[in-house]
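Reader: Please take me through this model by question and answer, with the cut-offs stated along the way.

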Amino acid sequence: MSIHEECGLFGISDPHGDCARTTYYGLYALQHRGQEACGIATINQRVLSFHKDVGLVGDVFHPDVLDRLNGTMAVGHVRYATTGGGQRENAQPLTLKYVKGTLAVAHNGNLVNTAELRTFFEYRGAIFQTTTDSELIAYAIAQERLRCASAEEAVCRAVKGLRGAFSLLVMSPQKLIAVRDPWGFRPLCMGRRGDAVIFASESCALHAVGAQFERELDPGEIVVVEGTQVRSIRENCQGSSSHMCIFEYIYFARPDSVLCGQSVHLARRNAGRLLAREFPVEADVVIGVPDSGLDAAMGFAEESGIPYGVGLVKNRYIGRTFITPDQESREQAVRIKLGALASCVAGKRVVMVDDSIVRGTTSKQIVSLLREAGATEVHMYSSAPPFIAPCYFGTDIPDRDALIACNYTQEEMREMIGADSLHFLSLEALHQIAPQADCGFCDGCFTGKYPIEV
């Protein structure tokens with residue numbers, strides 16, 4: 001099983017226009033963060049237009065759609081569902097028309113007080129069109145806007161009632177507003193390209209559109225862009241400390257992104273190095289499970305002195321949305337998605353490095369592929385500690401009864417997977433993978449301890 005993250009955000013304010021196409025390219029760079037649905041909303045002469053649907057960015061948007069959407073501001077979103085299903089109505093950005101005008105809202109993360117907020121609004125007459133917690137955020141902002149003088153003031157008031165993970169982009173007819181929750185669970189950065197101001201979940205999306213990275217938003221910070229003016233509101237930053245999801249380094253983010261001042265590629269490479277130090281092994285070749293296990297495998301090879309090889313080849317035409325309705329189909333999907341390279345592993349003792357182990361079924365199938373290709377030994381290494389708890393902040397890590405580490409000993413897991421040995425990165429080593437990071441981390445899925453009450 002693969003872990004999925006809720007979504008990716010991209011927003012731009014550019015007085016010279018063509019924001020729809022820039023957002024399209026930015027979403028392409030963030031496609032790894034969500035492959036179920038995508039959307040773009042734009043403002044052109046204060047008129048809101050949008051297009052969204054289920055599917056990948058390249059399938060949902062065509063040149064004629066982008067021509068129609070062209071404007072001087074845009075907000076884009078790629079989605080993987082955690083709260084709410086994958087239906088078309090749950091695609092974002094969410095757009096609404098109300099007495100004060102129009103709003104477009106894109107959200108990355110997950111609220112922990114969703115039920116409380118939904119009940120609060122429903123008893124005040126709210127009628128919801130989706131099953132997402134993101135609609136609650138949009139509704140809260142619209143409600144506050146009725147009682148205050150500006151969109152940014154409404155956002156400031158609304159976010160005080162939210163608990164959990166929320167990186168947000170909010171677009172009114174005149175302003176683009178970026179928000180990061182006070183705990184900093186999900187990343188959000190800012191860049192510039194000429195007169196354009198751009199926000200994105202990851203720095204790789206800024207580079208993809210030719211923008212220069214400027215900085216990451218601080219936890220609790222709200223940045224307002226109006227025309228060529230940019231201002232920061234920091235009243236929610238007081239007392240805030242960062243707890244960014246540490247799994248961003250292990251799996252979610254693209255290797256060419258930088259989060260909290262730390263290269264994702266180097267963090268994964270560090271994880272592999274630490275694994276090799278913690279659990280030395282005699283072997284002939286080190287391989288990684290594509291894609292997020294590759295960098296850790298390189299680090300393991302460098303530290304251990306065991307040669308690095310390409311032992312698994314990925315079918316690039318199979319996405320994460322590949323249909324796997326039952327166990328037999330899931331097993332077949334692994335064989336379609338991955339192939340073992342016999343010329344690399346036949347007759348050899350193999351170290352296989354993956355980013356994590358959730359249920360263990362996929363790991364078992366990959367081990368079988370390697371043995372069929374002639375590997376004499378397969379030593380399984382995870383660049384993350386064992387999952388022992390669910391995530392409540394935007395990652396679809398399942399409940400404890402579905403987590404292999406919660407139900408079996410490590411030796412039992414090794415036998416189930418079929419490996420000759422099984423090793424997980426220690427929690428202590430996990431917190432050493434990003435030495436250049438200037439933020440704290442949430443590791444609740446590995447410890448069962450969360451930065452806020454859930």
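Reader: Is Gly161 buried, exposed or partly exposed, and at what relative accessibility?

Author: The classes are set by relative accessible area: buried means under 20%, exposed over 50%, and partly exposed in between, with a 1.4 Å probe and protein chains only. The relative accessibility of Gly161 is 36%, so Gly161 counts as partly exposed.

Author: This is a predicted model, in which local features need pLDDT of at least 70, side-chain atom pairs count only at pLDDT 80 or more, and totals for chains, interfaces and linings use all residues. Residues are numbered from 1 along each chain as its sequence is written, and side-chain values use heavy atoms, with hydrogens and water left out.

Reader: Which residues is Gly161 in contact with, leaving aside its neighbours within four places in sequence?

Author: Gly161 lies in the loop between α6 (151–159) and β7 (167–171); helices (H or I, at least four residues) and strands (E, at least two) are DSSP runs, numbered from the N terminus. Contact means heavy atoms within 4.5 Å. With the neighbours within four places set aside, the contacts of Gly161 are Asn113 and Leu117.

Reader: How many residues of strand β12 are buried?

Author: Strand β12 spans residues 222–226 and is mostly covered. The buried residues number four of its five.

Reader: Which residue stands opposite Ile222 of β12?

Author: Two strands pair if DSSP finds at least two bridges between them. Strand β8 (residues 176–180) is joined to β12 by four bridges, and the two run antiparallel. Opposite Ile222 stands Val179.

Reader: Which residue takes a positive phi in the hairpin of β12 and β13?

Author: Strand β13 (residues 229–233) runs antiparallel to β12, with five bridges joining them. In this pairing Val225 stands opposite Val230. The hairpin has two residues between the strands, and the positive phi, near 65°, belongs to Gly227.

Reader: What is the radius of gyration of the chain?

Author: The chain has 17 helices and 23 strands. The globule rule gives 22 Å for 454 residues, and the chain comes close to that, so it is as compact as a globular protein of that length, with a radius of gyration of 22 Å. The radius is taken over C-alpha atoms, and the rule is 2.2 Å times the number of residues to the power 0.38. The value asked for is 22 Å.

Reader: What percentage of contacts between residues at least 6 apart in sequence join residues at least 24 apart?

Author: Buried residues make up 57% of the 454 in the chain. For the contacts between residues at least 6 apart, the share joining residues at least 24 apart is 69%.
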